[in-house]
Amino acid sequence: AVVSTQSTGYERAPIVAQCFVYGESLKSCLVGVVVPDESALAAMSPPVTVAEFIAKPDSAGLVLQNMQSIGQKELKSFEHVRHVTLVEEAFTVENSLMTPTMKKRRDAIAAVYRDVLSDNA
C-alpha cells in the first residue's frame, strides 16, 4: 500500500523539495524518496548542487533528520519515515510522475523506484 498523507508534511522540511512516502503492510517501516530543494542547497555554506549533495555520504542522514523533526511534531510514531533515498530528478508531468493537476502519480513513482523502496522497506 502506498502512503500519501505524510508526504505533504515532510515537504515542509526546508531541505525537501518533493517527497514520496511508501510503505507495505508486511514491512515494519516507511521509506521515502526525496528530491532535495535546490534553493536550500544553494543557501548552504558552501553552496552545493543537488548532484553534489546526493553524492555526499551523510546527506541522506541529514535529510532524514530534518524530516524526522517535522514528523515528531505532526505524525504518529508508526507514520515516521525510517529511511530515505535521495534522487536528483524531480517528479514532473514530463516524466509522468505527476498529473497535469500536479498530484503525484504514486503508482508510477513506486514503479520507477521499486528497487530502492523494496530494498529499504
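Visitor: How far apart do the centres of the positive and negative side chains in the protein chain lie?
Guide: This is a predicted model, where local features need pLDDT of at least 70, side-chain atom pairs count only at pLDDT 80 or more, and totals for chains, interfaces and linings use all residues. Residues are numbered from 1 along each chain as its sequence is written, and side-chain values use heavy atoms, leaving out hydrogens and water. Lys and Arg count as positive and Asp and Glu as negative, with His and the chain ends not counted; each charge is placed at NZ of Lys, CZ of Arg, CG of Asp or CD of Glu. The protein chain has 11 positive and 14 negative side chains, and the centres of these two sets are separated by 9 Å.

Visitor: In what order do the elements of the protein chain run from the N terminus?
Guide: Helices (H or I, at least four residues) and strands (E, at least two) are DSSP runs, numbered from the N terminus. The protein chain has six helices and three strands. Read from the N terminus, their order is α-β-β-α-α-α-β-α-α.

Visitor: What is the radius of gyration of the protein chain?
Guide: The radius is taken over C-alpha atoms, and the globule rule is 2.2 Å times the number of residues to the power 0.38. For 121 residues that rule gives 14 Å, and the protein chain comes close to it, so it is as compact as a globular protein of that length. Its radius of gyration is 14 Å.

Visitor: Is Ser96 buried, partly exposed or exposed?
Guide: Ser96 lies in the loop between strand E3 (81-86) and helix H5 (106-112), and its phi is positive, near 65°. Buried means under 20% relative accessible area, exposed over 50%, and partly exposed in between (1.4 Å probe, protein chains only). At 41% relative accessibility, Ser96 is therefore partly exposed.

Visitor: And what about Met102: buried or exposed?
Guide: Met102 is found in the loop between E3 and H5. Its phi is near 65°, a positive value in a residue other than glycine. Because its relative accessibility is 53%, Met102 counts as exposed.
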